[in-house]
Structures are given as structure tokens and as C-alpha cells.
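This report describes a sheet, a helix and a pocket. The sequence and structure come first.

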Amino acid sequence: MARDQSASPPAKPTDDKSHPAPPQISFDSDRVAALYSNFARVTGSPEELIIDFGLNPQPFGGQSEAVPISQRIVMNYYTAKRFLGALQMAVQRHEQAFGVLETDVNKRVVTSGPPKK
């Protein structure tokens, strides 16, 4: 990530009750690879959090083969906490617009049976 110092205003003197605004960060996403994942595994150590992403070919039912991990993100816990907050905010906005997301697949599956009279 490149910091764009020209985009951030000069730091103002602060008193005990205020904090300077964080610097503005610009992004270059020209070479980013977009990948799909329906599987994530979170592990960690005392210093870092490790998130593995993959594509589970059998998301419903029994596993007959290992899920291939295609991407791994390693971050410190401070970054992970900020990431968690950003994800929570994004999911909350989505649910406000489209309704609650049910994570239990058994509750989402609609079985077709005889029509009710």
C-alpha cells in the first residue's frame, strides 16, 4: 500500500481531547486478482492470525477429499481487529438492505413437498 502524503492535510496541533486525523491512503488495484472462496480456516499464533481461503467442491454433505487452499493471509491481531470491524459493518449494511443472512444451511434449504391445502 502506498501512502499518498499529498492527500492528507497537515497535522494540526492537538489538545488532550482530540487526535490527529489518520493519513489518507491511496490504493492501486490494477493488478489485483479476484478469487472466489466458499471455505475459510482461521488459525494463529500469539503474534499473528492466519486465514486460509479455498474452494470446497462439496460444501453440502460429506467430505471425500481435502479442500484445496488457494490463498493465505497472515496479519497481526491489530489489523485483524480492524478487518473484523470492517467486515461487521459491511455485513450489517447488507442485512439492513436485504434481510438477515442465515448461516445455518439447514435453515436455508427449502424442501419441496406436497402443497399445503
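How much space lies in the largest pocket?

## Basis

This is a predicted model, in which local features need pLDDT of at least 70 and side-chain atom pairs count only at pLDDT 80 or more, while totals for chains, interfaces and linings use all residues. Residues are numbered from 1 along each chain as its sequence is written, and side-chain values use heavy atoms, leaving out hydrogens and water.

## Largest pocket

The largest pocket holds about 280 Å³ of space. A pocket is an open set of points on a 1 Å grid over the protein atoms alone, where a 1.4 Å probe fits, with protein on both sides within 12 Å along at least five of seven lines. Its volume is the space filled by probe spheres set on the points, which are joined across faces, edges and corners.

The lining (residues with an atom within 4 Å of a point) consists of Ala40, Val42, Ile51, Phe53, Ile73, Met75, Phe83 and Leu87. Two or more of the lining residues come from each of strand S3 (39-44), strand S4 (48-54), strand S5 (69-76) and helix H1 (77-98). Helices (H or I, at least four residues) and strands (E, at least two) are DSSP runs, numbered from the N terminus. The lining has eight nonpolar residues, no polar and no charged ones; Ala, Val, Leu, Ile, Met, Phe, Trp, Tyr, Cys and Pro count as nonpolar, Asp, Glu, Lys and Arg as charged, and the others, Gly among them, as polar.

## Sheet and helix

An open antiparallel sheet runs in the order S3-S4-S5, where pairing requires at least two DSSP bridges between two strands. S3 and S5 are the edge strands, each with a single partner, so one side of each lacks a neighbour in the sheet. S3 and S4 pair over six bridges, and Phe39 stands opposite Gly54 in S4.

H1 packs on the sheet and touches S3, S4 and S5 (heavy atoms within 4.5 Å). The direction of H1 makes about 110° with that of S5; axes are lines fitted to C-alpha atoms, for helices over the stretch in contact, and angles run from 0 to 180 degrees between N-to-C directions.
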